[in-house]
Structure formats: C-alpha cells, structure tokens
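Okay everyone, thanks for coming.

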Amino acid sequence: MRWNTMCEHPTPAATAARRLVVPADLAGTRVDAGLAQLMEISRSQAATLIAEGNVSSNGKAVGKSLRLVPGAVLYVVVPDRRDPLEIVEEVVEGLNILLDDDEFVVIDKPVGVAAHPSPGWVGPTVVGGLAGLGYRISTSGAPERAGIVHRLDVGTSGVMVVAKTEDAYTALKRAFKERTVDKVYHAVVQGLPDPLAGTIDAPIGRHPGHDWRFAVIEGGRDSITHYEVLEAFGKASLVEVHLETGRTHQIRVHFAALRHPCAGDLTYGADPRLAATLGLTRQWLHARELSFDHPRKGERVTVTSEYPQDLAYALEVLASGQA
C-alpha cells in the first residue's frame, strides 16, 4: 500500500491533521472506501469522518461518493473521541439514593440515564453517577458495568439495585436469573384493558422490520407479564405490572400488542395527541418497587420509588378529566 502522510503511524484515535496522497491502485475508488484502506479503519468510520466534514481536497469538504484520482491530496482531521466504555464520573441530576447498605445501594434512576456505558451512548450513566457521588464498586464483571445486576431502559425511571461487593454481585445476579426478585412497575396505558386483570404470555423478539424495536413474534423468547388495572380514567388507565420475565421493552411491547400502548410511547404506536395533552415526552412507565433477599442477611428488602414530576403531572391531567 502506497500513501504519504504527516504522521508515520496513523491511528483512528489520534488528533492530527493528515495529508494523504492517493496512490494509482485506488484510482476510481469511492473516497470512503479508499480512505478506509489508506487509514486502516473501517468504511463506516471513514464515512463518519467524511459526513462530519473532516475530509477535504483542494480546500473543499468531499462527499463520500467522490471517486479518487491518482495523485490527489486528501487532508483529514481525526477528532479525539472518547472511549465509549469509559466511565465518566459526574453528579447526575435526579439520581437519588433510596437505600444505602454495606452490600448494595438502591437508587432512583431518572429518565435519560443508561445503566452503564456502551457504544453509541454518550449520555449519563448509573455507574458514572454513583462514581460521582463517591461510590467505589468492585466486582468481577466488566469495569464499565461494575455492580450492575439488572438494567432499566434509558427511557424508564424508577428503582434499581446496584451491588457494592463481590458477594452481593454474585447473589443478586443469581436472584435475578432465578426470578426470586419481585419487580413491580406502574404504567399508564391507553384505553381500558379487558380483562381488568390478567396475564400476557407472548414471545418477544426483534421486530423484523425495525432493528431498534421489539415485537411479539413466533419463535421469540418466552415473555410473561402480569397486570392489574388500578384506576381507569377514560382515555387511559393506570396499571400495576409484575414481570415474570425481563425482556427488553417487555411491558411496552406486550401492551402495544393488546392495542393499549403506554401513553407517550410513540415508538410503539401511542397517540401523539394524547401524549401532548399529558405533557409526555417519553412512555409513562415507572419501576415502582423492587423486593429481594438481602445477599448476606437473607431478610427480604423492599424499596419503593415515587413517581417523577413528569409522570405525576400526566396522572393529574388524567384525574382532572382534562385529557
């Protein structure tokens, strides 16, 4: 491979301007494919650099469909990118401690916070928020997931337990796997489910047409949701949900399959007009209560989380009859 650059050993993470001369064997190649070869990076990484305007030739930013000409000079600026698995210590607004034990800590996770760092997520995390509060958690799991024994979706608020010690991590992971943990959610769903109490037993898998969504599909993973209507408001109902399994988006998918999607859940077919009336910018879904055996003492521990402001407001609107 023939190329000329200001940097002797280029790496995608370096923050440097690079001057690349197009060799003859890349003549006619699309610039994203050629750049990937020249810099020894993936084609998607090259396409990202181009889309961000970081690749230029003759003083102008290039498009990814440009065909390379031998001898042409490309100037590339590679921005310094944070490691997607890096734990960023920060105080996360709304992340409150509900119970602090020697073995574990139970938190109130606010909406918009992920459980742990992951590729593609650049927002706050529970792991980083606890570090920002001075917690130092040590377990045998991956460093970026230290203490995480279960997760709540970014768009779901509520109670969540994080292990502090190795023994607690092992015990709580086992408890979730063996389904001895009681997970209680509250949700506001559109309409009035019939019957008022029941069980939804329907397999869930990735939506065949949308990678970021899930659906009830044949051959999906067994998924069981128990529910009971607590209060009916006409256009929507407050339901209590007990999960027997813990699939991704399980509550949202199951109620959407019943044609009673969570209010505000536009991803799964909720009415945008009702969402606007209720002031919702996310699904009305809250992890209300968590019960588990203390990992060392064995006694039952139960912790409850109050509704956050946005969900409480939506309930007030429904109760007032204004929706």
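Let me start with a question: is Trp284 buried or exposed? Trp284 is buried, because its relative accessible area is 0%, and the cut-off for buried is under 20%. Before I go on, please keep in mind that this is a predicted model.

So, aromatics. A search through the whole structure turns up three aromatic pairs, and I'll show you two of them. As a reminder, you describe a pair of aromatic rings by how far apart the centres are and by the angle of the planes.

Take Tyr227 and Phe255. Their ring centres are 5.6 Å apart and the planes sit at 70 degrees, so this pair is edge-to-face, given that over 60 degrees counts as edge-to-face. Where are the two in the chain? Tyr227 is in strand β12, residues 224-232, and Phe255 is in helix α5, residues 250-257. That's 28 residues apart, so to speak a link between distant parts of the chain. Both Tyr227 and Phe255 are buried.

Now back to our tryptophan. Trp284 pairs with Tyr307: the centres are 5.1 Å apart with the planes at 75 degrees, so we have an edge-to-face pair here. Trp284 comes from the loop between α6 (272-278) and β14 (285-293), while Tyr307 comes from the loop between β15 (300-304) and α7 (309-320), so the pair ties together parts that are 23 residues apart in sequence.

You'll find His260 in the loop between α5 and α6, and at a relative accessible area of 16% it is buried. What does His260 touch, leaving out residues up to four places away in sequence? Phe255 is one of the contacts, and the others are Val189, Gln190, Gly191, Leu192 and Pro193.

How many cavities of 30 Å³ or more does the count come to? One, and the volume of the largest cavity is about 30 Å³. Its lining is made up of His150, Leu152, Val159, Lys183, Val184, Tyr185, Ala287, Glu289 and Leu290. Strands β8 (182-190) and β14 are the elements giving two or more residues to that lining. By type, the lining splits into six nonpolar residues, one polar and two charged.

Most residues other than glycine have a negative phi, and most peptide bonds are trans.

The peptide bond from Asp194 to Pro195 is cis, with omega near 10 degrees. Pro195 is in the loop between β8 and β9 (197-201).

Then there's Arg179, which isn't a glycine but has a positive phi, near 60 degrees. You'll see Arg179 in the loop between α4 (166-177) and β8, and it counts as partly exposed because its relative accessibility is 46%.

Finally, His249 also has a positive phi without being a glycine, at about 65 degrees. His249 is in the loop between β13 (236-243) and α5. Is His249 buried or exposed? At 15% relative accessibility, His249 counts as buried.

Terms used
Residues are numbered from 1 along each chain as its sequence is written. This is a predicted model: local features need pLDDT of at least 70, side-chain atom pairs count only at pLDDT 80 or more; totals for chains, interfaces and linings use all residues. Side-chain values use heavy atoms; hydrogens and water are left out. Rings of Phe, Tyr and Trp (its six-membered ring) pair if their centres lie within 6.5 Å; planes under 30 degrees apart count as stacked, over 60 as edge-to-face and the rest as tilted. Helices (H or I, at least four residues) and strands (E, at least two) are DSSP runs, numbered from the N terminus. Buried means under 20% relative accessible area, exposed over 50%, partly exposed in between (1.4 Å probe, protein chains only). Contact means heavy atoms within 4.5 Å. On a 1 Å grid over the protein atoms alone, a cavity is a set of points where a 1.4 Å probe fits but cannot get out, and a pocket is an open set with protein on both sides within 12 Å along at least five of seven lines; lining residues have an atom within 4 Å of a point. Grid points are joined across faces, edges and corners, and a volume is the space filled by probe spheres set on the points. Ala, Val, Leu, Ile, Met, Phe, Trp, Tyr, Cys and Pro count as nonpolar, Asp, Glu, Lys and Arg as charged, and the others, Gly among them, as polar.
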